[in-house]
Amino acid sequence: MEIITKSFEETIQVAMEYTKTLSQGDVVILDGDMGAGKTVFAKGVARALGITDEITSPTYAYMNDYDGKLYHYDCYRLSSGEDAEALGLTDYFYMRGICVIEWAQNIADALPRNIKRVKIEKIDEGTRKIIL
Ligand SMILES: Nc1ncnc2c1ncn2[C@@H]1O[C@H](COP(=O)(O)OP(=O)(O)OP(=O)(O)O)[C@@H](O)[C@H]1O
Ligand SMILES: [Mg+2]
């Protein structure tokens, strides 16, 4: 399914709807270039899960744990699945919380077999195409 959003808030709404299709323990890969809206989408997932903490980009921490309900990853600075494993980041793939992963291609060999993909493409400054 492809959806066009015209604002940050519309992308949040799409992510909230999408979250209804998720189950405990799901691992969701967010594909898209820098500034595509992956972190915005993660914010929508968090909102749908009832998480009230502010969702910040985990670029330096690699992963932020929101009460075991959501694990939000940014693997931009990782270069292998081995690194992710050594840091203990892969353990959370097999827990009850939902994993949402930015730049998952950097740790491709450590990802579980069953993953869901969301692709976000920048059309212009305020417009995004979201492929679910
Ligand atoms: N339709 C839209 N949906 C989502 N974000 C939008 C939209 N239009 C504009 N934006 C803006 O695009 C930016 C997306 O930033 P975001 O941090 O989510 O990108 P990202 O994909 O996580 O990038 P990075 O790879 O650097 O982490 C935000 O500044 C947001 O306000
Ligand atoms: Mg981001």
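I took helices (H or I, at least four residues) and strands (E, at least two) as DSSP runs numbered from the N terminus.

**Conventions.** I note that this is a predicted model, in which local features need pLDDT of at least 70 and side-chain atom pairs count only at pLDDT 80 or more, while totals for chains, interfaces and linings use all residues. Residues are numbered from 1 along each chain as its sequence is written, and chains are lettered from A and ligands numbered from 1 in the order in which they are written.

**The sheet.** I found an open sheet of seven strands with mixed pairing, in the order β1-β7-β6-β2-β5-β4-β3. Strands pair if DSSP finds at least two bridges between them. The edge strands, β1 (2-5) and β3 (63-66), each pair on one side only. I then looked at β6 and β7, which pair in the antiparallel sense over five bridges. Glu121 has Lys129 of β7 as its bridge partner.

**Helix α2.** I recorded that α2 packs on the sheet and touches β2, β3, β4, β5 and β6. Contact here requires C-beta atoms, placed from the backbone, within 7 Å. Eight of the 11 residues of α2 are buried, so this helix is largely enclosed by the rest of the structure. A residue is buried if 20 or more other C-beta atoms lie within 10 Å of its own, exposed if 12 or fewer, and partly exposed in between, with C-beta atoms placed from the backbone. Among the buried residues of α2 are Phe41, Ala42 and Val45. The buried residues of this helix pack against α1 as well as β2, β3, β4, β5 and β6.

**The core.** I looked up the largest nonpolar core, which has 33 residues. Such a core is a set of buried Ala, Val, Leu, Ile, Met, Phe, Trp, Tyr and Cys residues joined through C-beta atoms within 7 Å. α2 gives the most to this core, with five residues. Ile101 is among the residues with the most contacts inside the core. Not counting residues up to four places away in sequence, Ile101 touches Val27, Val28, Ile29, Leu30, Tyr73 and Cys75.

**Ligand 1.** I counted a residue as near if its C-beta atom, placed from the backbone, lies within 6 Å. Of the 20 residues around ligand 1, Thr11, Gly37, Lys38, Thr39 and Val40 come nearest. α1, α2 and β7 (127-131) each give two or more residues to this shell.

Note on methods: Contact = placed C-beta atoms within 7 Å. Axes fitted to C-alpha atoms, helices over the stretch in contact; angles between N-to-C directions.
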